[in-house]
Amino acid sequence: MIWIRADANETIGSGHVMRCLSIADALKRQGQQVCFLTADENAAGLLEARGQAFRVLHTDYRRMEGELEALEELLAGGGFFLADSYFVTAAYLDRVRERLPVGYLDDMGRRDLAADLLIDYNIFAEARLYEGCKAAEFLLGPEYAPLRAEFAGNACETRDRASRVLITTGGGDRYNLAGQLLEKALAHPGTACLEYHVVSGAYNVHLAELKALERRHGNLRIYSNVSDMCGLMRDSDIAVTAGGSTMYELSALGVPMVCFSFVDNQERIVEGFVERGLVGFGGNYLLQGEAMAAEAAEAIALLAGDRELRRTYSRRLRAVVDGRGAMRIARRIVQKSQEGAQSA
């Protein structure tokens, strides 16, 4: 059994669970059984929608060491344990590792964790970031971005005229950044006439406000519970997105992007893409506050008016992410699981 430990809620969003679901799908294609472990019921809807088996631990997702006693019986049968949470501690992984091999999905350059497999698919991930880390093996860089299978070999077309703009702010949007961005973009002379397609995540508490805005603007559509995110992305001429896994999905499709950050762990991702000349910069909400939306609107206008820039971004992005990272991770997990069984 491959156990995957991840949570989702309105505070942390759905990114941890969504990227792990991509790995789970790849593992199943390798003939593996997969079960998610979650602290509470918040992720149930996402997991049920994908037909994914899971167990609820009825614990606090912020205090993971409190669930160790409950885990010991579950993990007694061996397999592999993949954790994806910023609340994992070194003591937590050490205890789990006494039972079976462990992997950890990292975004923060953590060096304190002893794991059999440490995965960091971010644009900035490189060996020197983990000097002194006690992990046994590393899978680093965008070639390991865990995307769903439909993102491989499915590039979008760069049209002569940009008309469709996709806006996504993640599973939760506590600052209503989508609403702020729309208010500025719909009033900007260079972007007011574009079509806006906004994905409202599963934990967005501002959905009613976005729907009210939709009723006032004929060129705005709000989506909830999107079943074909790949298709929606591929039909877009420009995407405006927060830093995170969505950027790697858009990269695999070659969708030109304007990117922004609103929490600390997004900053390095956005900076890494911007520094490499892969995307337009839409600002940093932690530093700029509401002024960020105006900067993002200017970046949209620039990209919409420059076809060659959109073509350049599209080509460069597809060279960085090929959409096959989930299968690369899955194969290595299977190998680690087999090695663990042989040494038991």
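User: What does Ile 333 touch, not counting residues up to four places away in sequence?

Analyst: Ile 2, Ile 23, Leu 27, Phe 80, Leu 82 and Leu 117. Contact here means heavy atoms within 4.5 Å.

User: What are the ground rules for the model and the numbering?

Analyst: This is a predicted model: local features need pLDDT of at least 70, side-chain atom pairs count only at pLDDT 80 or more, and totals for chains, interfaces and linings use all residues. Residues are numbered from 1 along each chain as its sequence is written, and side-chain values use heavy atoms, with hydrogens and water left out.

User: Which residues touch the most other members in the largest nonpolar core?

Analyst: Ile 4, Val 17, Leu 27, Phe 36, Tyr 248, Phe 273 and Ile 333, out of 67 residues. Helix α1 (residues 15-29) gives the most to this core, with 7 residues. Apart from it lies another core of 32 residues, including Ile 167 and Phe 260. A nonpolar core is a set of buried Ala, Val, Leu, Ile, Met, Phe, Trp, Tyr and Cys residues joined through side-chain atoms within 4.5 Å. Buried is under 20% relative accessible area, exposed over 50%, partly exposed in between (1.4 Å probe, protein chains only).

User: Helix α8 next. Mostly covered or mostly open?

Analyst: Covered. In α8 (residues 245-253), 8 of the 9 residues are buried. Tyr 248 and Glu 249 are among them. Helices (H or I, at least four residues) and strands (E, at least two) are DSSP runs, numbered from the N terminus.

User: What covers the buried residues of α8?

Analyst: The cover includes β8 (164-168), α7 (229-234), β11 (238-242), β12 (257-261), α9 (264-275) and α12 (307-320). After α8 comes Gly 254, with a positive phi near 80 degrees.

User: Switching to Asn 284. Buried or exposed?

Analyst: Buried, because its relative accessibility is 9%. Asn 284 sits in strand β13 (residues 280-284).

User: What does its side chain make a polar contact with?

Analyst: The side chain of Glu 267, at 3.2 Å. A polar contact is a pair of N or O atoms within 3.5 Å; within protein, one must be able to donate a hydrogen and the other to accept it, and residues adjacent in sequence count only if both atoms are side-chain atoms. Beyond four places in sequence, Asn 284 touches Ser 261, Glu 267, Gly 289 and Met 292.
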